[in-house]
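I opened a new structure today and kept notes as I went. Here they are, in the order I looked things up.

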Amino acid sequence: QFHAANSDDEDYDGALWAAHGWTAAAAWGLLFPLAILCSIYRRILGCSNPGLWFQAHKYLNTTGVVVSIISFAFAILAAQKEGEEHFEDGHPLLGLVIFMLMWLQAIAGVLRPSLPKVSAVDAQRDGSPADNDEEQTKRKLESNPVE
């Protein structure tokens, strides 16, 4: 159930609902999109420090998860204060599904495997050291274009 900002309901807590909205907007409208952009534009961000894009991506996503948890807590507190049932329809149910999917994504990000190391044989064949996977992969693709 949604309430107007000027609700006369004495149990309505506009401050909690506003906090829920602002924190959700910060997480889903700012932090997570910025984390995605860090990954998309990693070549620009990593020109002086190859790991910079990943650090920014990781910290923006972590902060987004924390802010989402806070937003979720604000919604639970506001619904409890109003005596409403949790997750019975529409927006609350969709929010719960998105919250669970967010956790699956966060866990997948933490458990993801490392990039494969370039073997010494491949490095020797390409004439470059095997310590920079991204550069090594780029050289391989340039020397063996997909037809």
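First, a term I need: I count a contact, or touch, when heavy atoms lie within 4.5 Å. With that, I looked up histidine 20, which touches Ser71, Phe74, Ala75 and His91, leaving out residues up to four places away in sequence.

Before going on, I noted that this is a predicted model, where local features need pLDDT of at least 70, side-chain atom pairs count only at pLDDT 80 or more, and totals for chains, interfaces and linings use all residues. Residues are numbered from 1 along each chain as its sequence is written, and side-chain values use heavy atoms, with hydrogens and water left out.

**Whole chain.** I found six helices and zero strands; helices (H or I, at least four residues) and strands (E, at least two) are DSSP runs, numbered from the N terminus. Of the 147 residues in the chain, 20% are buried, meaning under 20% relative accessible area with a 1.4 Å probe and protein chains only (exposed is over 50%, partly exposed in between). Among contacts with a separation of 6 or more, 56% join residues 24 or more positions apart.

**Helix H1.** Histidine 20 sits in H1, residues 14-40. Is histidine 20 buried or exposed? It counts as buried because its relative accessible area is 16%. I then listed the buried residues of H1: Leu16, His20, Thr23, Ala27, Leu31, Phe32, Ala35 and Cys38. Their cover includes helix H2 (42-45), helix H3 (52-82) and helix H4 (90-111).

The expected span is 1.5 Å times one less than the number of residues, so the 27 residues of H1 should span 39 Å, and the end C-alpha atoms are 38 Å apart, which agrees. H1 also bends by about 30 degrees at alanine 27; the bend is the angle between axes fitted to the seven residues ending there and the seven starting there.

**Core.** A nonpolar core is a set of buried Ala, Val, Leu, Ile, Met, Phe, Trp, Tyr and Cys residues joined through side-chain atoms within 4.5 Å. The largest one here has 10 residues, including Ala27, Leu31, Val67 and Phe99. H1, H3 and H4 each give two or more residues to this core, and H1 gives the most, with five. I looked at valine 67 as well: beyond its neighbours within four places in sequence, it contacts Thr23, Ala26, Ala27 and Leu31.

**Helix H3.** Isoleucine 76 is in H3. Not counting residues up to four places away, isoleucine 76 touches His86 and Phe87.
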